[in-house]
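Q: I am new to this structure and would like a close look at a single part of it. Could you take me through the salt bridges?

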Amino acid sequence: MTAPDLVYDWNRRGTAFDYRTARVQLHDDTLRDGLQSPSAVDPPMDTKRRLLHLMAELGIESANLGFPAAGPHMTEQVEALAREIVAARLPLQAGAVARLRVEDVEAIALLAEATGCVLEVAAFAGASDVRMEAEGWTLDELLRMSEAAIGAAARLGLPVMFVVEDASRARPETLAALYGHAIAHGARRLCLTDTAGAATPGGVDRLVRFVRDEVIRPSGQAILLDWHGHRDRGLAIANCLAAVEAGVDRVHATALGVGERAGNAEMDILLANLAVLGAPRGDLTRLIDYCHLVAEALGLPIAYNYPVVGADAFTTAAGVHAAAVVKALEKGGEALADRVYSSLPAAEFGLVQRIVISPVSGHANVRYWLQQHGYDPTDHVLVEALLAEAKRHDRVLSINECYRVVTEALYRRETDSPALALPVAPSALESDEQP
């Protein structure tokens, strides 16, 4: 049996949904929602252009370029990014945000004409009772505003995605009225948003099915449906998958989940989950570059335990775990080792499993390190010296510390040969990285 065949997958038992045939698209909001993070630094344009290329390589189909009506800086950003998509012939559908105001839509139309890039208008307004109370809006006012904005986009030849903010807390009759009105006036894509991160997977399922069955189907139009979720309650990725299984056509997310408050659904984790579930995507070995580019450019460090791209994501320190990984490597190579203590194969992302030495390590960790660094893994003296050193610390031993322990142990044993030929690379000695 191959390594994947050894994994019994309860996730696919008793469900009619098959991710291997799913054709859901992904929409990247990093350059809009992501830059709204209170802790983010606005990166230079060259970085933003590079990010567009990485989106395309990862198989992301569309991107939000920004909110032109927010001011000259954002107008310049949307124009520059739209020109990059056209010039580089990137396979990305581009979009820009507008309030339910004709002047916002006209600003997007001017940019589309200037750049030759088709820009989808994401026309938005909040429609939950709490949001309308805060804004002082009535449903009738929202209907009039949406009619004017969507009508303007239709006259200007722009595709429209009608976005109801806080849809996950809005009443069904409000959603039916707004979405139905938007369809009647030319919107051909609707977006359900969980703006406050209030939804649960069960709630997402009911919400998507309601709009699909009670609004879209009766319209008789070919309407596409999007899901846009936030992570205030830590449920964003689960909600994205629930939306996919309920029948949405596109899901929104940002790199590393950057965004306001606790942020948006994490595009990188969503990509990883879709890959494991069997949904076809692009080159996931570019996920590391995508995440690190955003982290460095926005000044937002990646947590050590962050899935896939965190420093510890595929690193094992515990003795029992390391022993299993080593046995798997010996029996079935990387394919088996990738699955014995991981549900995400490191190789899928161009990475490998790592074993380090720490206070919770055992003999397997030490023998593996010795073998990987050119020493005899059965040398009892070296094994015990490294293990004893690990138990004296409260953290993972650095590569320098491991080499020092081995060097001292060899010197003590061979005092008649003080000048030992050790397989130590100069770069390793100059570094204090983990082994």
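A: What follows is a walk through some of the salt bridges.
This is a predicted model, in which local features need pLDDT of at least 70 and side-chain atom pairs count only at pLDDT 80 or more, while totals for chains, interfaces and linings use all residues. Residues are numbered from 1 along each chain as its sequence is written, and side-chain values use heavy atoms, with hydrogens and water left out.
The structure holds 29 salt bridges, a salt bridge being a side-chain nitrogen of Lys or Arg within 4 Å of a carboxyl oxygen of Asp or Glu.
One of them joins the side chains of Glu84 and Arg49, at 3.8 Å from N to O. Because Glu84 belongs to helix H2 (residues 72-87) and Arg49 to helix H1 (residues 45-57), this pair ties together parts that are 35 residues apart in sequence; helices (H or I, at least four residues) and strands (E, at least two) are DSSP runs, numbered from the N terminus. Glu84 is buried, at 18% relative accessible area, whereas Arg49 is partly exposed, at 26%, where buried means under 20% relative accessible area, exposed over 50%, and partly exposed in between (1.4 Å probe, protein chains only).
Another salt bridge links the side chains of Asp129 and Arg171, with 2.5 Å from N to O. Since Asp129 lies in helix H4 (residues 129-135) and Arg171 in the loop between strand S5 (160-165) and helix H6 (172-184), the pair ties together parts 42 residues apart in sequence.
Finally, Glu57 and Arg50 meet through their side chains at 3.7 Å, N to O, and a network of salt bridges links Arg50, Glu57, Arg286 and Asp289.
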